[in-house]
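Me: I would like to learn how to read helices, strands and cores from a model. Can we go feature by feature?

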Amino acid sequence: MEEIKKLIIFEPEPSAAKTLENWLKELNLDFVIEGELKKLEAALLKEKFDCLLLSLHQGIDSSLCVDPAIESALALLRTLKTSAPTRQTTAILITSQKAAKIIASAINAGVDNVLTEGANKDQFLKGLKELLSRPGQASVKKRLVNLNLINYLIQLCGYASREDFFLLVSTILNQLLLANLKPVVGGPVLEAIITRLKDTFGQQYPYLQQIKYSEGHISLEAVDSASKTVEVRLLSFAFRDYIYAFMHLMRILTSDILIERWDQERK
């Protein structure tokens with residue numbers, strides 16, 4: 001592992017923390033596990049870590065909102081990502097595949113990557129190892145667009161419920177694309193791209209004509225209403241094509257300055 005050498009993990013559940021400890025020993029990593037946010041914050045301020053793993057989960061019977069304990073963890077993440085001593089620490093969210101609300105909230109708080117738990121230890125460790133050892137992990141922070149995370153969320157969209165699907169797609173478009181690109185290329189350029197894509201995909205996917213863009217934000221409410229009879233699986237194909245086309249146009253406009261190696265990283 002070339003760049004990630006020392007990890008700190010937040011896992012509030014003692015049994016899960018013990019499991020993580022046993023699993024991570026197989027990767028020969030230098031790591032510390034904390035179960036309390038105050039101790040986590042103190043450790044991060046006292047010592048330099050290359051990576052923070054945030055293990056955040058919510059029960060299936062929870063309300064539609066992210067619960068207060070998770071909100072507190074994400075509030076700490078926001079603080080860490082805006083503080084000079086800790087802003088360069090890579091933050092990876094560990095959660096379940098169906099935790100779209102947690103994923104969206106964590107991305108808004110500044111998480112760098114997401115790892116949803118696999119069905120077994122081997123799958124989980126394989127995914128984590130790939131994230132930690134991926135070449136150019138540090139350089140991701142210097143880019144305006146997190147290509148790896150966008151690709152990962154596109155994959156999750158295919159397995160999501162309808163509500164979670166639109167939440168994930170909105171997060172990709174608004175948080176990972178528009179919010180980062182608008183200050184550089186400007187609102188008129190983004191509006192021109194979105195208009196062109198609506199014209200390009202409108203015949204094949206008529207509901208994409210309902211995408212609304214205003215003041216740097218894309219609204220998908222009308223798309224949801226116009227596509228009630230369309231299966232999520234088919235919607236995922238449509239938005240995958242839409243997002244990839246968006247990235248391709250941005251790549252042409254910026255001559256690869258803003259978006260590097262898109263073709264390689266999306267495979």
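**Reading a predicted fold**

Reply: Helix α5 has 13 residues (121–133), which at 1.5 Å a residue should span 18 Å, and its end C-alpha atoms are 18 Å apart, in agreement. The expected span is 1.5 Å times one less than the number of residues. Helices (H or I, at least four residues) and strands (E, at least two) are DSSP runs, numbered from the N terminus. This is a predicted model: local features need pLDDT of at least 70, side-chain atom pairs count only at pLDDT 80 or more, and totals for chains, interfaces and linings use all residues. Residues are numbered from 1 along each chain as its sequence is written, and side-chain values use heavy atoms, leaving out hydrogens and water.

Me: Which residues of α5 are buried?

Reply: An α-helix has 3.6 residues a turn, so residues three or four places apart point the same way. In α5, Phe124, Leu125, Gly127, Leu128, Leu131 and Leu132 are buried (under 20% relative accessible area; exposed is over 50%, partly exposed in between; 1.4 Å probe, protein chains only). Seen down the axis, these buried residues fall within an arc of 160°, so they line one face of α5. The arc is taken from the directions from the helix axis to the C-beta atoms. Asp122 and Lys126, on the other side of α5, are exposed.

Me: How many residues of α7 are buried?

Reply: Helix α7 (residues 147–157) is mostly covered, with 9 of 11 residues buried. Among them are Leu149, Ile150 and Asn151. The C-alpha atom of Asn151 is separated by 9.5 Å from that of Tyr244, 93 residues apart along the chain. Tyr244 sits in helix α11 (residues 232–254).

Me: Which residues touch the most other members of the largest nonpolar core?

Reply: In soluble globular proteins, nonpolar side chains tend to be buried together. Here the largest core has 72 residues, and Leu177, Tyr242 and Phe246 touch the most other members. A nonpolar core is a set of buried Ala, Val, Leu, Ile, Met, Phe, Trp, Tyr and Cys residues joined through side-chain atoms within 4.5 Å. The largest share of this core, 12 residues, comes from α11.

Me: Which way do the residues of β5 point?

Reply: In a regular strand the side chains alternate between the two faces of the sheet. In β5 (residues 113–116), Asn113 and Leu115 point one way, Val114 and Thr116 the other, and all are buried. Strands β4 (residues 90–95) and β5 pair in the parallel sense over 4 bridges; pairing takes at least two DSSP bridges.
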